[in-house]
Amino acid sequence: MTARLPATHELAVLIGRFQPFHNAHHTLLRKALDAAPRVVVVIGSAFLARSPKNPFTWQERAEMIRLALAETDRQRVCFVPMRDHFDEERWFAEVRLAIDAALAEQGAAPATAAGTVLVGHVKDATRDYLHGFDGWTLQAEPRVHSASAATVRDAIFGDAKEAPEVLARALPAATLAHLRPWMETPLHAALAQEWELLRQHDAAWSVAPYPVVLVTVDCVVKCGGHVLLISRGHAPGKGLRAVPGGFLEARETTLQSALRELEEETHLDLPPAELLACLASTEVFDRPDRSQRGRTITHGHFFDLGDRQTLPGVRADDDAAAAEWIPIEALSGLEDQLLDDHFQMLDHFLGLLPRPLIGA
């Protein structure tokens with residue numbers, strides 16, 4: 001047995017979505033354990049609704065990681081759930097604050113920036129976050145295993161004949177044991193249906209001569225202490241809450257598209273001229289992985305109807321199974337029931353969550 005080399009840092013940090021935890025993640029975690037006596041695993045996209053891309057809760061992912069460790073190493077690792085944010089600087093600040101809070105909860109002092117090492121694999125632009133923590137040491141590791149989360153998810157939801165071999169090759173034994181009973185549940189069956197729909201969607205676009213970039217619009221409509229949400233009537237995300245919206249049509253501006261989608265899905269009882277006068281701001285949401293349907297850029301439109309004695313009438317139609325005014329104070333409890341990044345969108349326009357002091 002090879003002796004462990006003395007740790008060279010106070011704290012090692014590993015950041016990922018771990019959907020699910022696979023052998024490449026396991027290798028990085030071993031590197032983190034070798035680098036420092038304490039390790040914080042930051043679990044990203046922590047509070048999203050379940051989907052084929054995000055099938056496991058952050059607690060389930062933490063348990064997969066914990067079970068893959070030796071008992072002595074489990075005591076050295078703590079887990080920090082982290083939601084995604086539209087504002088990258090805000091996300092960096094919240095990661096630091098959450099790590100300090102987790103260490104304090106364990107009775108440990110915050111690690112110094114100079115004593116913190118971030119362990120990761122630099123793959124593409126989606127890993128730019130590895131360079132965003134000023135003062136931390138970046139320990140960039142080469143890819144040492146062919147496993148990828150996308151490949152594993154395809155095996156989990158796809159061909160049942162090939163799945164055992166792929167999963168046995170890509171997953172730690174403890175993760176595989178954790179997954180097997182889950183793959184027999186109705187939840188897995190429902191997500192597998194959505195996965196098949198998304199696979200067919202990707203296949204339909206595969207003949208395009210260039211990588212496909214889709215353009216959509218979304219509408220955040222506030223009235224007093226309420227916001228207008230729909231329940232999706234179709235997959236992907238059937239049954240999830242969402243802000244009204246849809247795909248841009250060829251001869252529309254994004255504003256025209258937003259007004260059309262709002263009318264088609266909610267029949268908001270407000271004259272168009274009055275609604276236009278309530279347009280407070282717009283924002284582009286363009287994170288590459290924000291949508292399950294591939295590269296999708298959406299133009300968010302925020303309509304603030306002010307305070308009214310009566311909420312305007314709504315009636316669900318088109319892609320919406322329901323349309324209703326939801327109290328804004330209830331949105332935090334609905335985070336894991338919202339489609340894609342719609343909670344982030346609502347937070348951006350409505351300020352649902354406290355903002356850390358950047359640079360504090």
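His-267 lies in the loop between α9 (254-266) and α10 (272-277). Helices here are DSSP runs of H or I with at least four residues, strands are E runs of at least two, and both are numbered from the N terminus. His-267 is not a glycine, yet its phi is positive, about 45°. Most residues other than glycine have a negative phi, and most peptide bonds are trans.

This is a predicted model: local features need pLDDT of at least 70, side-chain atom pairs count only at pLDDT 80 or more, and totals for chains, interfaces and linings use all residues. Residues are numbered from 1 along each chain as its sequence is written, and side-chain values use heavy atoms, with hydrogens and water left out.

## Ser-45

Ser-45 also has a positive phi, about 50°, although it is not a glycine. Its place is in the loop between β2 (38-43) and α2 (58-67). Ser-45 counts as buried because its relative accessibility is 5%. Buried means under 20% relative accessible area, exposed means over 50%, and partly exposed is in between (1.4 Å probe, protein chains only).

## Cis peptide bonds

Gln-19 and Pro-20 are joined by a cis peptide bond, with omega about 0°. Pro-20 sits in the loop between β1 (11-16) and α1 (23-35).

Another cis bond links Ala-235 to Pro-236, where omega is about 0°. Pro-236 belongs to the loop between β7 (226-232) and β8 (241-242).

Thr-116 is found in strand β4, which covers residues 116-120. With a relative accessible area of 2%, Thr-116 is buried.

Which residues is Thr-116 in contact with, leaving aside its neighbours within four places in sequence? They are His-9, Leu-11, Val-13, Ala-111, Trp-136 and Thr-137. Contact means heavy atoms within 4.5 Å.

## Cysteines without disulfides

How many disulfides does the structure hold? It holds zero. A disulfide is a covalent bond between the sulfur atoms of two cysteines. The cut-off used here is a pair of cysteine sulfur atoms within 2.5 Å.

Cys-223 is buried, at 1% relative accessible area. Cys-78 is buried too, with a relative accessible area of 9%.
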